[in-house]
Amino acid sequence: MDPSVVLSALVLGISIGSIFLVAALGLAIIYGTAGVINMAHGELIMLGAYTTYTLQTFLGVPFFLCLPLSFCIVALVGIAIERLLIQHLYNRPLDTLLATWGVSLVLMQGVRLIFGSDPKYVQLPAFLSTNLDLGIVNVSVFRIFVVLVAALLVFATWYTFYRTRFGIMVRAVTQNKEMAASFGINSGKTYMLTFAIGAGLAGVAGAMFGGLNIVLPTMGMSYVVEAFLMVVSGGGSLLGTILASGFTGQMQSIFAFIFNDTFARFLIFLMVVIFLRFRPQGLIGSGDTRR
Amino acid sequence: MSITRRKFLKTASVGALALAAPHVWLPGNREAWGATLTAGEPIKVGLLFSLTGGLAVPEEDSTLVMQYAIDEINAAGGINGSPIEPVIVDAKSDFKVYSSKTRELILRDKVTSIFGCYTSASRKAILPIVMQQDNLLFYPTCYEGAECTQNTICTGPLANQHSKDLIPYMVDQFGPRVFFVGSNYVWPKESNKNAKVWLEQANGELLGEEYIPLGSSEFGPVIEKIRAAKPDFIFSTVVGASDIAFHRQFKQAGLKVDSMPIASLTTGEIETKAMGAEFGAGHFLSAPYFQALENPTNEKFVENFLGSPYGKNGTTHYNMEETYTSAYVFKGALEKAIADHGIEDVTPRKIRDAAAGIKLSADVSPEGEVWIDGENFNTWLVPKIGQCQADGSFKIVKEAPEHVAPDPYSIYPDIGKCTADGLLAPDGTLRTDVI
Amino acid sequence: MTINPYHDKRLQWVAYAIFFALLALVPILLDDAFLLNQLSTFGVYGILALSLSLCWGFGGILNLGQGIAFGLGAYGMAMTMQMQSQDIDTNPIPPFMLNNALESLPMIWEPFWNTGTGIFLAVAIPTLYCLIFGALMFQARVSGPFFAIMTLAMLSAFYTVFIDLQPYTNGVNGISPPMPLEVGSLVVDPYSTTSYWIVYAVLLLSTVVAKLLTQSKFGLIVRAQNNDPERVRFLGYNVAVYETLIYAISGCMAALAGMCFTFLTQYVSPSQFDVGFSISIVIWAAIGGRGSLLWAIMGAFIVQGAQSYLGDEFLNTWILILGFFFILVVRFLPGGLAGLVELILGKLPNMSKQQKSPGEKPVDKASLKEA
Amino acid sequence: MAGVLEIQNLQKNFDAVKVINDFSMDVIELTLCCLVGPNGAGKTTTMDLITGRQKPTSGSVTFRGHVITGENEQMIARRGLGRKFQIPAVFRELTVRQNLEVAYSHEVNALKNIFSFSSRQCDARIDEVAEQVGLQERLAVIAGTLSHGETQWLEIGMVLMQDPALLLLDEPVAGMTEQEIEKTADILNTMKKTKTLIVVEHDMGFVREIADIVTVMHMGSLLAQGTIQEIETNQQVRDVYLGTEDH
């Protein structure tokens, strides 16, 4: 095969992996900390995209400012969901899954009622719509931008959870709720903030995906299944999710070059199922955490 | 061996058959239409489109424009003095609902005809019922053909009409090397087969053919393949949200619209509006209708429609116009059927038969004169090529010199030819209800 | 301790009998092809909700991919029906295959020439799939939300692959057999009482089988592993085998539902594998009451009935209403409507002094909390 | 008498930490052996290693002449090894009777159990065991509503229903009242006439009442073994216990 094609495939793999990662990051945090499978994650991404659209179209906020604003606004929605619903269901994992599915229905239809079902789009600064020609590979600036934002988000998340007091609290609660409580850590508040951060990350993801393609009430669904697979095969940890996203992104890109996109998708699903058969705890995750 | 098994099945089924007294239906026999039209009474038709869900974007417009057309016909005195009464249902973008709503429309509401569907999948879902109940479906958009039933009238372009002009035009303007990109389903694949025929005639060269999963928004690998192939233009049958992602990523990847434009069968006014005009500008579309068509009928249609309460979405496009003309085809055919048989004896099947050769003049049809083929009941029309402008509107750059005949089996001459009575195979056998 | 009449085993059987007697009266009392057909469709949904209640409500295995078995069964039936309208000498290949450049009938279609084999395969293949997938997952001790996500992933995989295998499945457009199903000399007209009775029989059979299963030792162990799989393992049972079996039995019922659905609609397409559809099965079972077979069935009738009659009334707000209702049920009424009925019956004056016997439904409120 | 359970050079590492370090022990048939030791001594891990819940890093466990290391939980259970957990594990949604019925695991084949509805043997055995653990009046009650002591007895009853040759009981009297402890001691003393038992326990008073042999673990290793009198006078054991002062 032509070396420039191979190189393109690899570069694209990084880009696809970073998109998977951005989509999965918030989910991984919420799952890793609170053990909640948030089925409304896709709709939080969608909310992020609509937030950006609204800020841009009606208030004229520039795109780069929309990213942090989307984070904040969707994080607030996350807090609302956590306070009103999820906090009552922490000891019923399957029920949180169902309840958040209900939330996703409500969010999707609510947005449709407000914005209508015709597609919207996010306006990008002109330079993000250009490309970078490096001779043998050609990369679009927007894809580089997504990779950079992904790296930034990963760093910020890592810093928050491993280098701040809040992070220590979160990990204490994750390890042992009762013990943490005896040290005066409010696990309810910790969960709430984690949920807010997870939702906020989905909001940023939405703001960026709005630039990559179309903004529709149903757009969340297309990311959510892949995002779940990243989290599950990564074992629910931050590092695991990064590795899983990077690896899957490469596979998707390479298979798409060799075969076609549809078959690539199918192969990935198959690989994840087989992988989990032999390593049910995921890439990074301890096996003996029962009882 | 087969006899004993048959015998067993027969015995086993006798009991069940005894319970099944009413509605026993033998294959080949069709149910009669269980209603009659009365002069002066409303004529019920079903509008079967999705008002919610993923298909709502194009189909809600179809419902609106049908209501507009029905109002217009009723205001002008209806059909033989009877007003048309639309029965509007929501198919919720779910083929199960299409199927059950069709039953509702035919069996409960006893509609005379159904106007509905935007996708072949939903059409295939409801055709068995429509055929069995011998009702009539007006399918008002483009499709792949390769279907021959006695219960469908289509007012959109078939695969053989759609790209006939587009391919030679693009080869002529930009060069012979082309790359095909489509969504992964039946219509793009069939359209591409037709396009290959035109490409060969135009001495073009096909560099590659790629299909994207429906709804997918990742065009990275495909765009890299296109970049490596360096075509003169791209022929696209990508649909829906994917189409918008494709155009956006095309520009973001640095492909140039001047040297490698996309010639599409789908990217119309709605899509360019949704992707942002700067991503659509410069690309081409082949369709029988554009909002920018300059003729008095269209100008009147656009003005009146957008001024009416139904024009709330602010645009007209080929799909809506094809739906609009289907209402007038129905009117023409029903008037003819009433004249031929008397209003009491009109059935949906007789309306279909009467539609053969029905012509809509340029005064009625915004896209210009069209007529229904007397054999396969698709539409003779004039495909036009438009180029998207910086503001998202289209400029007509070419109009076919004459009407193009619809032929659902143009690339499958071995299978047969669609006639009014069924699919006529080359060996002379006639098969009905081929779907 | 007072006994809630809800838990009375005899009264439970009476409730089942009344429900099926009412359903049996429908075709006798009314002669409306449309309503019959609609009720038959609801019956199919009822089978689906029942099958999910069996594996989720009793076994604790939340299957978000019940549409897989349903869809495979539906495809098997559609292929059988399609081949009935083909002729081995003059017209051996379904029309859509010719458009996809197939010169001869693919191998996987060959068995469907024979109606009996076709119907057998339509049940056997999905059941076999469930056995294999279940064994893979449960032996690796994948359970709970993890398993749910894996079923969702498989659902997406099936959806993708059935679209991609266009020459064999006609892709997105699906298969619409032009003729109704014929078994021997019996024509299963979708608008007739025949098809109604077939669906009725399948629903009745599934219900009886499911009910007996839950009362068997097997059912008891399945419920026990829902409480605490590890404890069951330490008693010497191979939990994975029990999980796999209940999952496969539930899948088998879903496959039967899929077959019924195909002869009712004469159409099948990859949207059978749509995520939304599989989730609605969960919604029916949850709203009706996952822990009760009968209420799960009624959940399907109630939600689908409301959807087809109120859905047009409320149009855009319908999904909103359904979503909110679903959230409320999950949050406040994990037992669904069944839990509500149980609560109300529990408040009534004590009617029966009978001792409770083993094999009852675990539907008191406390019992529905997962560990 | 032959050793019914032989543990040889058992070792379990979690990363670099040796949780069980070269632990060996023999259990003689029809005796009650108490496994004691301070928190973190590795008692529960030893139980896990014997019953297959965790796999040892090295070493072996032999039960009635079969090496069972590497076998999974259900295979070991079928060989006649029953276990009661530290945190009582009963089926909280099922009735007491159903709990015992599940525990009657003479037939483990799933396909056969589909066609099995009720058996007279099982009912007879339930009555017998229920009487033994004193729950005959509580059979119709949902297990989740039992008191803590009753839950402990139910789980002991479940292990008895299994009819194992060797019972491993992890802290059977934790959280019980004085009377309940006394009753439990009676139950265990009756049981050891027909069964071999290993009991993990902190409460030395209770150990004194039931133990034939006491094994003391410390830091994953065997510290001492002998009769209760021998252990109570062992200086090493005193040092370890004084260091932590646990009960």
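User: Before we start, what counts as two residues being in contact here?

Analyst: Two residues are in contact if their C-beta atoms, placed from the backbone, lie within 7 Å, and please keep in mind that this is a predicted model.

User: Which chains share the most contacts?

Analyst: Five pairs of chains are in contact, and of these, chains B and C share the most contacts. Chain B and chain D, by contrast, do not touch, and their nearest C-alpha atoms are 28 Å apart.

User: Let's move to chain D, then. What is the strand order in its open sheet of four strands?

Analyst: The order is E2-E1-E4-E5 in chain D, and the pairing is antiparallel. At the edges are strand E2 (17-28) and strand E5 (66-67) of chain D, each of which pairs on one side only.

User: How many bridges are there between E4(D) and E5(D)?

Analyst: Strand E4 of chain D, residues 58-63, pairs with E5(D) over two bridges in the antiparallel sense, and Phe63(D) stands opposite His66(D) of E5(D).

User: Which strands does helix H1 of chain D lie across?

Analyst: Helix H1 of chain D (residues 43-51) lies across strand E1 (3-14), E2 and E4 of that chain, and it runs at about 65 degrees to E2(D).

User: Switching to chain A: at what angle do H1(A) and H9(A) pack?

Analyst: Helix H1 (residues 3-34) and helix H9 (residues 221-234) of chain A pack at an angle of about 60 degrees, with their axes 8 Å apart. The two helices are therefore oblique to each other, and their crossing is right-handed.

User: Which residues make that contact?

Analyst: From H1(A) they include Phe20(A), Leu27(A) and Tyr31(A), and from H9(A) they include Tyr223(A), Phe228(A) and Met230(A). The residues of this contact divide into eleven nonpolar, one polar and one charged.

Key:
Residues numbered from 1 in each chain as written. Chains lettered and ligands numbered in written order. Predicted model: local features only at pLDDT ≥ 70, side-chain atom pairs only at ≥ 80, totals over all residues. Pairing = 2+ DSSP bridges. Axes fitted to C-alpha atoms, helices over the stretch in contact; angles between N-to-C directions. Parallel < 35°, antiparallel > 145°, perpendicular 65-115°, else oblique. Left-handed = near helix turned anticlockwise from the far one by under 90°. Nonpolar A, V, L, I, M, F, W, Y, C, P; charged D, E, K, R; others polar.
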